[in-house]
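Subject: Two-chain model for your review

Hello,

Please find the structure below. My notes on it follow.

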Amino acid sequence: MPTQTKAHPWMALSAPGVIDDMLAAIGVSEIADLFEQIPQDHFRKTPIKMPPALTSEMELRRDLVTRLKRNGDCESNLSFLGAGVWQHHVPAVVDEIVGRTEFATNVWGSYQSDHGRNQAWFEFSSQLGALLNLDVVQLPVYSWGCAIGHAVRMATRMTGRTKVLMPRLSDPERLSVIRTYCQPTEMDGSIDVVMVAADPKTGRLDLADLASKLGDDVAAIYFENPAYLGTIETEAAQIAKLARAAGAETIVGVDPVSLGVMMAPGDYGADIVTGPVQPLGVHMQCGGGAGGFIASRDEERYVRTYNGFLVSIADTARDGEFGFGLACPHQNSYGMREDGNDWTGNSTYLWAIAGAVYMSLLGPDGFAELGRLIVSRARYAARMIDALPNVSVQWPDRHFKEFVVNFDATGRSVYDINDALRAQGIFGGKDISGEESNLGQCALYCVTEIHTAADIRRLTDTLKEILA
Amino acid sequence: MSRLPEFHAAKWDEPVVMELGRPGGRGQIFPAPEDEVAQDVGDDLIPSSMMRKDRPVLPEITEFEAQRHYLHLSQMTLGMMGVSLFGTCTMKYNSKTSEYATLRPELAEVHPYQHPDTLQGVLSIIHDFDHILRSLSGMDQFIFQAGGGADAAYTMAIVARAYWADRGLLDQRTEMVTSIQAHPCNPATAAAAGFKVVNLPLEENGYPSLDALKAAVSDKTALIMINNPDDMGIYNPEIKEWVRVAKEAGALCFYDHANFNGVMGKLSARELGFDACMFMLHKTFGAPKAGGGPAVGAFGCSDELAQYVPCPVVTKAGARYILDEDRPKSAGKVREFWGNVPQVVKAYAWARGMGADGINLASDISVVANNYMDKRLSEIPGIAISNPDITANRMEMSRWSFAPLCEETGIGTVDVANRMADYGIDPFWMSHEPWIVAEPFTPEAGELWSKEDIDLWIDVIAKIADEARTDPEMVKSAPHNQPVAQVNGDVFEDPGKWAMTWRAYLRKVASAKANGS
């Protein structure tokens, strides 16, 4: 037994003498006797090399805080980064609730002992369903990209077809995840990912190209609304109609905070809807706030193809009382191993609780106000930036919270400009100049409710200086 | 026997949030755009074809009502506020100092696309933790992109794809070999990645035979995925030979270290010959489980496989930490960004708080505690350990069965789990599928719980076994002291009754009424 001079605060049995009592109860004289199953030549030969222990909370805290303080963050800087994780206001009540130890530490009890958590999960699905106008919402998977990947695989299971159409102007980060879920072609069940062109004038899907690629081998068309580069897909209903005529599923990706002002995807023909949960009250956390939802109509053929946890309300043994549990629990990998739908496991369920609290705080009027505020400030920012000499906004005026800024005419690279902005405490938009969209020296700017008019003027004044 | 607590869970009769509030109620208000903004952009904000016309049916409540409602729900969640000896999940204390540190804006309000110059603090933590895991496993590189243990298994599957594709053999190496006792995520992720799964059955000694493995592996085998010890607490002493046999056939060997707690500090996956392994930071390394994530499956591998891992990889160049995206042979991403970073920070904090000696001591303790439990559980009539012929001491968890009690009284493992909560004790884990042992339960004490906690837990099991004989109906209809009575499970497979949202529920209730039922 290693020398331990003091009992460790995280281990009750490290107090002096307790282990000896337990060994006596077991009937062995040494701890080593308990490892008798492991052959001697399996034990490690090299000692563990680790920095010295920080067993006192104060030393540990100091190490963590000292290190974290070397980060620059989006509170002490003015950030315009988005593209998959976005800076939104997180209500304090959300932080309190997700920090509750019962929610932070629970695992899996009975439906009764988990009642409160399961109800919060159901309320996440119920409120998101109200925003989407859809009846089935699964608990979130790891991320939006993973949600799209699973949704595409659902569509292939439903249709027996193995091709999916995606917009050429897709987020490369999400697309990389989707390709992982679909390919490579040598593998059983490989799904062909075919890109649909964008209309260069609008950034929206080229419907003629879409129509030419839709056939009886297409399982699904996927598009986003708002799209990766911020544009709004005004022909969404037409896209869904084309897909339906070809027997393909329409999978849509939406930003849930847009749904106070943008039409619910359930109302324009979406069959399966995906999106990020992070905007619903989850901090960015270096991307650790990611999570992705999947939703659909309440038809058995959809419900039976989900991969994860579907929480249903149910009656209980007591009259007039309700409880919650998992619907269709045997179709996932816990129930059926390799024969289940894809796989599931620990996911991002705490963010379902964050989302439930967030949506209940906002209500219908909050979402409408938030949506109007975001679009207004984003558009204001786009106009102010567009008015700068040699700087232009691609596809102005029709976006939600993100838009593309083109710096080609400045003769400067986005990389340089962002370096100069950072020196002034501003994080410029994501550099997309190296991406397959091939739009030139462009950055994707994100403006949300947290950006005031003064913040936006600070950005444009600084850009003006830098580019002068 | 300890005195059992007279427990009663909070019962708030809390309505579904959709039923709360009043028209016009507000819990959060946003300011109007500034005049200069409003004048500049006007009212035509969204194209009319995409404008929302209906009002979403959401609750309209005050900030306090939202807070109170969700506090009530948290109070109606036992969490691990009782005693949770939940096997396979390794329940630990989740230090509040880590929780508070990760809530600081220097982590919570950090964007993954920030310039690396502004990320040096968090990257230093990820880098140093990578090196701690390297030391614990002998591997050469860890990445943290996988959002859970299953996702790390999936990472292994796609790394194997890239490895075989690089050798032009992906159309030949199509099979993954595992044990029927492996966690379901291993076969499921391999299948989702396109591999054919070969499951090896268990022999009487508790693990698949070496001969079965030899018969299963061939030049079609891409990889094997195996845990050790398994969920029965049985260690496969032939594991080195397994790795040798699999490698002789050219296959990659993946060590699912879900059950690391009993062997941490004792074994090194690399020394045993494995090419890759994974650790669950939300289990073994003290980050919270949060009811199912955010979690991290830390994936570690040899230098040879490191060229195929998902990007970015945190590396160090001189004194500077960088996010390396330049791996042309990378298998692709399993999730956006670089992982559930706060959980990595919490796991780093756990490892630093424990130190090498603490980690070693924790594995000692978890094996002592489990064998103590085995000893006491074996004295309770009506319950039986799996593989009773194996007399060797088990590792950090054991698989037990209520089959004898069920035969005698009709009370099975689900009934006991439901009843446990009435004593304020968290229901146990039963078993992953398939249930090789009838009426299973799988306790695991880990290093957190005191002897008094463990004794109480066992006393509750003994008490319920007793109740099964004296008042089986009471146990069968349990729980009696919980927020709700037994939930009606028939609903969950009935398309006419299941309701995953409030709107679906209202629709189905209305339709049932219209049909007169």
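**Chain A**

In chain A, 71% of the contacts between residues at least 6 apart in sequence join residues at least 24 apart; a contact here means C-beta atoms, placed from the backbone, within 7 Å. This is a predicted model, in which local features need pLDDT of at least 70, side-chain atom pairs count only at pLDDT 80 or more, and totals for chains, interfaces and linings use all residues. Residues are numbered from 1 along each chain as its sequence is written, while chains are lettered from A and ligands numbered from 1 in the order in which they are written.

Chain A has 468 residues, of which 61% are buried (20 or more other C-beta atoms within 10 Å of the residue's own; exposed is 12 or fewer, partly exposed in between; C-beta atoms are placed from the backbone). Its secondary structure comes to 14 helices and 15 strands; these are DSSP runs, H or I of at least four residues for helices and E of at least two for strands, numbered from the N terminus. Along the principal axes, the C-alpha atoms of chain A fill a box of roughly 80 × 55 × 50 Å.

Three domains are assigned in chain A: domain 1 (18-68), domain 2 (78-86 + 365-467) and domain 3 (92-359). The bounds come from an automatic or database domain assignment. Between the C-alpha centres of domain 1 and domain 2 of chain A the distance is 51 Å.

**Chain B**

Chain B has 16 helices and 12 strands. Of its 517 residues, 62% count as buried. For contacts in chain B with a separation of 6 or more, 74% are between residues 24 or more positions apart. The C-alpha trace of chain B spans about 75 × 70 × 50 Å along its principal axes.

One open sheet in chain B consists of 3 strands in the order β10-β11-β12, with antiparallel pairing (strands pair if DSSP finds at least two bridges between them). β10 (384-385) and β12 (440-441) of chain B are at the edges with a single partner strand each, so one side of each has no neighbour in the sheet. β10(B) is joined to β11 (residues 400-401) of chain B by 2 bridges, and Ala384(B) has Ser401(B) as its bridge partner in β11(B).

**Between the chains**

The contact takes 186 residues from chain A and 184 residues from chain B. On the side of chain A that touches chain B, helix α12 (residues 349-386) of chain A gives the largest share, 23 residues.

The largest nonpolar core has 336 residues; Val152(A), Ile353(A), Val357(A), Met156(B), Val159(B), Phe254(B) and Phe299(B) touch the most other members. Such a core is a set of buried Ala, Val, Leu, Ile, Met, Phe, Trp, Tyr and Cys residues joined through C-beta atoms within 7 Å.

Asn71(A) lies in the loop between α2 (57-68) and β1 (78-79) of chain A. Asn71(A) counts as buried because it has 24 C-beta neighbours inside 10 Å. Leaving aside neighbours within four places in sequence, Asn71(A) is in contact with Glu106(B), Val110(B), Thr118(B), Leu119(B), Gly121(B) and Val122(B).

Regards

Key
Contact = placed C-beta atoms within 7 Å.
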